[in-house]
Amino acid sequence: MRLFIIGLVAFLGLTGCVTSSVAPNTAESANQHLVDFEKKPRDDRGVTDDLRRRLDQLYGDRPDYLAALARDDAAARLPRVRTMVPPDYPVLPALAGVRASVKIAFAVDEEGRVQEPRIFESPDSRFDRAALEAVRKWAFSPGTVASKPAVFIMVVPIQFDGLKK
C-alpha cells in the first residue's frame, strides 16, 4: 500500500490533473441541439412533470428560478453556448477507467452567466466537483422571452468517457 501511495503522489506531482477532452465542435453541436429543441412541439420536448418537480425541489430556495420554470416559453429563444470548458477528470477514477455522466442543473441569467449550478443526477460523487467547476466557467449568449433577456434553467449531462489512448 505504501508504494502505491508514493507512486500516486509522484504521478500527481508530474502531471497535475487529468483533463478530459472536448471535441472542437462541442459548442456548435450543443447550440444545434438547442435550436432543434426549440422547433419541437412542446409535448415532444421531454419536459415531464417529474423533471419539473425535481427542479422545483432543487431550486425551492430560489423563487425567481421557480418563476422561470413556471412561465410559458412557447416563443422563447434558449440561451446559446459561447464557451464550454471541459471538466478535469478526477485522477483516481481516470486511473481506474471509471466513466460517468453527471447531470448538472443551472440557471443562465440575463447576461449569459451560469448561476447556481447544482447536481441534478450523479452515479458517482467523485465526479461531482469537477463537473460543477467546469459548468461554472461556461458562458452563454442570453436567452430571450418576447425579445428581452430572461433567466433560463438548464439541465446538461457532463460526460466523463475515460482517458483517450
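Q: Which residues touch the most other members of the largest nonpolar core?
A: This is a predicted model: local features need pLDDT of at least 70, side-chain atom pairs count only at pLDDT 80 or more, and totals for chains, interfaces and linings use all residues. Residues are numbered from 1 along each chain as its sequence is written, and side-chain values use heavy atoms, with hydrogens and water left out. A nonpolar core is a set of buried Ala, Val, Leu, Ile, Met, Phe, Trp, Tyr and Cys residues joined through side-chain atoms within 4.5 Å, where buried means under 20% relative accessible area, exposed over 50% and partly exposed in between (1.4 Å probe, protein chains only). In the largest core, which has 27 residues, the members that touch the most others are Ile 104, Phe 106, Val 135, Trp 138, Phe 140, Ile 158 and Phe 160.

Q: Which elements each supply at least two residues of this core?
A: Helices (H or I, at least four residues) and strands (E, at least two) are DSSP runs, numbered from the N terminus. Those that each give at least two residues to this core are α2 (26–39), β4, α6 and β9.

Q: How many residues are in the second, separate core?
A: This second core includes Tyr 65, Ala 68, Ala 105 and Val 151. Its size is ten residues.

Q: What is the strand order in the open sheet of three strands?
A: Two strands pair if DSSP finds at least two bridges between them. The edge strands, which pair on one side only, are β5 (114–121) and β9 (152–160). With antiparallel pairing, the order is β5-β4-β9.

Q: Over how many bridges do β4 and β9 pair?
A: Strand β4 covers residues 100–108. Its partners in β9 include Met 154, which bridges to Phe 106, and Val 156, which bridges to Ile 104. The antiparallel pairing of β4 with β9 runs over nine bridges.

Q: About what angle does the direction of helix α3 make with that of β5?
A: Axes are lines fitted to C-alpha atoms, for helices over the stretch in contact, and angles run from 0 to 180 degrees between N-to-C directions. Contact means heavy atoms within 4.5 Å. Helix α3 (residues 49–58) packs on the sheet and touches β4, β5 and β9, and its angle with β5 is about 120 degrees.

Q: Which residue in the turn between β4 and β5 has a positive phi?
A: β4 and β5 pair in the antiparallel sense over five bridges, one of which joins Lys 103 to Glu 121. The two strands form a hairpin with five residues between them. The turn residue with a positive phi, of about 90 degrees, is Gly 112.

Q: Is Ile 104 buried or exposed?
A: Ile 104 is found in strand β4, where seven of nine residues are buried. Leaving out residues up to four places away in sequence, Ile 104 touches residues including Phe 120, Leu 132, Val 135 and Ile 158. Its relative accessible area is 0%, so Ile 104 is buried.

Q: How are the rings of Tyr 59 and Tyr 65 arranged?
A: Rings of Phe, Tyr and Trp (its six-membered ring) pair if their centres lie within 6.5 Å; planes under 30 degrees apart count as stacked, over 60 as edge-to-face and the rest as tilted. By this rule the protein has seven aromatic pairs. Tyr 59 and Tyr 65 are 5.5 Å apart, centre to centre, with 75 degrees between the planes, and the pair is edge-to-face.

Q: Over the face of which residue does Arg 54 lie?
A: A charge sits over a ring if NZ of Lys or CZ of Arg is within 6 Å of the ring centre and within 35 degrees of the ring normal. The charged end of Arg 62 sits over Tyr 65, 4.1 Å from the ring centre. Arg 54 lies 4.1 Å from the ring centre of Phe 120.
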